Structure formats: structure tokens, C-alpha cells
Amino acid sequence: MALTLPRDMGDMIERGFDRRLRLAVTGLSRAGKTAFLTSLVNQLRHAGLDARLDLMKTAREGRLLGAQRIEQSDLSIPSFPYDEAIEALSLSPPEWPRPTRGISELCLSIRYRTALPGRALFKAQRTLTLDLVDYPGEWLLDLPLLELDYPQWCERMTRLQGPARRAYAADWLSAVQRLAVDQSVDDRELAELAASYAESLKRARAEGGFSYVQPGRFLLPGDLEGAPVLQFFPLPGIKAEDRARLARLPAGSLYKILERRFEHYKRHVVMPFYRDHFRRFDRQVVLVDVLSALNAGAEVFNDMRMTLGDLMKSFRFGGNGTLRRLFSPRIDRLLICATKADHVTPEQHPKLLALLEQLLDEPIKDLRYLDVPVKALSLASIRATETRTIERNGQRQPVLYGTLLDEPGDQPALIFPGEVPDRLPEEAFWHRQGFSFSAFRPLPHRDALPHIRMDAALDWLLGDKLR
Ligand code: GDP
């Protein structure tokens with residue numbers, strides 16, 4: 001009779017010997033998750049050959065032997081499309097890989113020599129199994145829902161509506177404001193209203209660049225597309241203090257139906273993600289596209305700041321909070337990255353990092369207080385520009401050399417994108433915005449993908465497991 005260990009127990013035994021690590025990558029949509037994961041796998045595949053990994057100690061000491069893809073451990077999660085990503089980047093001209101839309105996984109077996117003293121050849125060879133999981137950061141925005149009931153959520157959502165956001169939601173708002181909480185509604189009407197609410201969130205994200213979208217699955221519904229569990233919305237004007245009065249409404253009233261769906265969403269969509277996936281992550285990378293938010297102006301930038309504050313709550317699971325109580329997560333190390341650093345010249349990189357640290361100042365302080373090791377970096381997963389120097393008014397000035405994505409003709413150009421502020425911008429900054437962000441086409445590549453500081457990221461994420 002074959003003996004099979006339950007998945008968690010098998011995991012635990014391997015983790016006990018430090019031979020297996022489950023590393024999760026997240027970030028809001030377009031933060032650069034697909035590019036990061038593609039580059040991470042690519043750098044490890046090319047380790048010991050042509051990958052440039054000087055900031056990774058194991059590679060610098062010549063102990064990193066390479067990595068192979070093996071079958072992923074959770075067969076119910078879609079596979080991360082690494083081969084498709086490399087194919088897109090190898091086209092002529094190269095293209096960015098298509099972003100992933102839900103959760104996906106890929107597994108690597110990494111070979112290395114131990115760091116024990118002695119002659120290199122006699123050092124023992126070991127393998128570390130690395131499970132890589134990519135999931136949308138939007139899903140983490142749903143964590144606070146677990147602590148809210150429906151009236152509290154409605155009140156919170158009403159508070160969030162600034163002028164720009166209200167404009168995106170105008171159609172939905174005027175339809176929903178015509179309804180009374182105690183009236184009955186049919187399924188079709190509800191589905192239409194919910195679709196209009198989801199549409200307003202999608203527009204706020206795509207056209208306005210806003211990142212605070214709740215519920216998180218409304219943007220990336222995956223296999224829940226069209227299911228009644230996603231057909232609800234907040235009722236404007238509801239107050240948490242009206243709870244008792246609202247509880248007496250008939251079961252078929254608009255309010256009661258929406259409340260039931262909200263609770264169902266929490267129980268059957270939000271909780272399973274934390275229970276089945278989040279709880280099993282050992283380490284976490286959070287990617288932040290600071291530069292795009294900076295480019296989009298004050299309201300979007302401040303919205304991103306608030307969103308990240310909420311998103312990071314999922315990693316603050318000390319004490320007796322909901323997360324620890326319900327799921328006992330075990331993440332023991334975090335990396336926070338400002339992505340796409342190749343969009344600015346190298347002397348701006350320290351400012352980009354300083355800005356990221358300011359943006360996440362409060363969450364990082366909380367994590368340090370809870371003794372969760374956390375590091376912040378600026379990096380480019382797949383570097384799409386080179387740095388050149390030009391003479392201007394007798395001064396030497398660094399500029400970027402790259403091919404703009406939306407420029408016809410594919411001719412490379414010299415571009416100075418401007419200065420990144422090293423602290424949270426004040427009102428005056430937005431008026432004299434000296435920063436302009438352009439999307440670049442990836443560089444043609446033959447060997448390992450060009451990058452900036454992916455090796456530093458790898459060192460922090462894996463270094464202690466490769467000794
Ligand atoms: P995801 O939605 O988080 O998976 O984001 P992607 O990885 O698909 O990245 C979104 C877009 O950002 C890409 O299509 C690229 O245009 C750009 N991008 C991502 N990473 C980099 C990078 O390292 N350098 C540059 N120049 N652009 C990047």
C-alpha cells in the first residue's frame with residue numbers, strides 16, 4: 001500500500017530540513033509581477049553561466065550551480081507561463097510578456113555547494129526546492145473585509161469617494177440612488193447594477209490609475225466571472241449605526257440580499273485564499289510601481305499610498321489579530337521593491353528607494369516592531385534601457401538610451417526622464433511636475449535577461465537558505 005503524506009505534513013518535513021521554500025510574489029496589477037518572476041527564474045537558470053549575480057553571495061562565491069524546473073507542488077494552481085514570457089521577450093522586436101491575471105505557480109530545484117570551510121570541490125552539494133507563487137495584490141485588499149460587516153463596509157466605501165472617483169461611478173450611483181433599501185429587486189436588475197459597479201472600478205483603475213478597488217475580485221474575477229457571489233455592491237448612505245433597524249428588513253429586500261452576498265463573498269472567496277494559499281507562504285515579495293503613480297498625479301499617488309497601507313496589513317499578523325486567529329500565517333521575511341528602476345537614470349535610484357520607504361513608512365515600522373525581517377530595494381526585473389552621458393551647457397548629464405514602446409519606427413532615443421523626489425511630494429511638486437515617464441520596449445537579449453539588482457533581491461530572499 002502506497003503511503004502518502006498529507007500535503008502540509010510533507011511540506012513540514014522538507015521545511016524542517018530547510019530544503020523547501022514557498023516564495024510568493026505580489027503587487028497591484030501592472031506593478032511588474034510577471035516581469036519579476038520571469039527574470040527570477042531566468043537568472044537562476046543562467047546562474048553559473050552568463051547571469052550577472054554579483055550581489056548574491058552564493059553566486060559570487062561560485063557556489064550556485066544552477067536551477068531546473070520541476071513539477072509544481074500544488075497541481076490545482078495554474079502554472080506560471082514562463083516559456084511564453086521568454087518567447088515574447090525573444091521576438092524581434094522583443095515584447096513584454098502578457099501579465100498573469102490570477103494566482104499561478106512554478107517550481108524550481110536549485111543546486112548549490114555548501115559554504116562549509118574546505119576546498120570547493122569537496123564541499124557537499126545540496127538542493128533547495130523553491131515553490132514560486134504569483135498572485136494579484138488586489139486580493140489582499142479584501143483582508144479588512146473579514147473584520148467588517150456589510151453596514152460598516154458601505155460606510156467606508158462612501159467615505160472613500162473623492163471627486164474623480166465619483167465621476168467614474170456616476171452611472172452606477174444615479175441608478176442605485178433611485179432604489180430603496182427595503183424594496184424587492186430581481187436577479188437581473190441586481191446583476192446589471194453589480195456589473196455597472198464593477199465597470200466603475202475597472203475604469204477608475206484603467207483610466208484613472210486608482211489602486212484602491214474593493215472588492216478585490218471585481219477587477220480580476222477569474223473563474224468567478226458572472227457568478228452571483230460577485231454581484232453585490234455597497235449601498236451609499238448606509239451607516240453602521242443603522243444596523244439594528246436594517247436587520248429587521250424582510251429577507252427579500254435589496255439590503256438583505258446584498259448583505260447575504262457580501263457575507264458569502266467573505267466566507268467563500270476571501271477566506272479560502274488566506275486558508276489555502278497565504279497561510280503556506282514562507283517569504284513574500286511586494287512589488288510597487290512608484291514611478292507610474294508619481295507620473296499620474298497627486299490623487300492617484302495618495303490613493304496608492306492608502307492602498308499599500310491596507311495591502312500591507314496582511315503581513316502584520318502578530319498578536320491576536322484576525323489573521324493569526326484564523327489562519328496562523330508563517331511568512332518570516334519580506335522584500336519590498338520599487339520596480340522599473342531602469343525608467344530613471346542611476347543617480348536617481350537612491351531617491352526612488354527613499355520615496356518607497358516613505359510611502360511605506362508606517363507599515364515598515366510596524367513590521368520592524370513585530371520583528372519581521374523586511375528589506376526595501378529599487379530594481380528593474382528586466383532592464384529595458386542603457387545609461388549614456390551627454391554634454392549639456394558644458395555639463396555632463398546621464399540620460400537613458402532606449403526604444404519607446406508607443407513610438408513608431410522602433411528607433412532608440414536619448415531621454416532624460418527628470419528628477420524623482422526623495423520624499424513624499426508636497427502640493428508644489430504636483431504643480432511643477434518635472435518627471436515624465438515613458439514605457440520602453442525590452443532590449444533584445446541572447447543570454448540571461450538584463451536587470452538591475454535582481455541579484456540583491458535573490459540574496460535577501462534565498463541567501464540564508466543556500467549556506
Ligand atoms: P503585472 O500585472 O504585475 O504582472 O505586471 P507586468 O510584469 O506585466 O508589468 C507591466 C508592465 O510594466 C510591462 O508590460 C512592462 O511594460 C512594464 N515593466 C515591468 N517590469 C519592468 C522593468 O523591469 N523595466 C521596465 N522598463 N518596464 C517594466
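Figure 1. At 10% relative accessibility, lysine 266 counts as buried, where buried means under 20% relative accessible area, exposed over 50%, and partly exposed in between (1.4 Å probe, protein chains only). This is a predicted model, in which local features need pLDDT of at least 70, side-chain atom pairs count only at pLDDT 80 or more, and totals for chains, interfaces and linings use all residues. Residues are numbered from 1 along each chain as its sequence is written, and side-chain values use heavy atoms, with hydrogens and water left out. Lysine 266 pairs with glutamate 263 in a salt bridge, their closest N and O atoms being 3.2 Å apart; the term stands for a side-chain nitrogen of Lys or Arg within 4 Å of a carboxyl oxygen of Asp or Glu. Both residues sit in helix H10, three residues apart, about one turn of the helix. Helices (H or I, at least four residues) and strands (E, at least two) are DSSP runs, numbered from the N terminus. Glutamate 263 is partly exposed, with a relative accessible area of 23%.

**Figure 2. The surroundings of leucine 145.** Look for leucine 145 in the loop between strand E4 (125-134) and helix H5 (150-160). Leucine 145 is buried, at 0% relative accessibility. Setting aside its neighbours within four places in sequence, leucine 145 is in contact (heavy atoms within 4.5 Å) with Trp153, Gln214, Phe262, Tyr265 and Lys266. Glutamine 214 is 69 residues from leucine 145 in sequence, yet the two are 9.1 Å apart in space, C-alpha to C-alpha.

Figure 3. Aspartate 187 belongs to helix H8 (residues 187-206) and arginine 261 to helix H10 (residues 254-276), so the pair ties together parts that are 74 residues apart in sequence. Aspartate 187 is exposed, at 54% relative accessibility, whereas arginine 261 is buried, with a relative accessible area of 15%.

**Figure 4. Arginine 283 and aspartate 332.** The closest N and O atoms of this salt bridge are 3.1 Å apart. It links distant parts of the chain, 49 residues apart: arginine 283 is in strand E5 (residues 283-288), and aspartate 332 in the loop between H13 and strand E6 (333-338). Arginine 283 is buried, with a relative accessible area of 2%, while aspartate 332 is partly exposed at 35%.

**Figure 5. Where the two domains meet.** The domain assignment, whose bounds come from an automatic or database source, gives domain 1 (16-135 + 278-383 + 445-465) and domain 2 (141-276). Between them, 22 residues of domain 1 are in contact with 24 residues of domain 2. The two domains bury about 2,100 Å², 61% of it on carbon and sulfur atoms; buried area is the accessible area (1.4 Å probe) that two parts lose on being put together, summed over both. Glu299, Asp310 and Phe327 supply 24% of the area that domain 1 buries against domain 2, more than any other three residues.

**Figure 6. Salt bridges and helices at the interface.** Two salt bridges cross the interface of domain 1 and domain 2. Elsewhere in this close-up, the side chains of arginine 165 and aspartate 303 meet in a salt bridge (3.1 Å, N to O). On the side of domain 1 that touches domain 2, the elements giving two or more residues are helix H12 (298-311) and helix H13 (322-327). H12 provides the largest share, eight residues.
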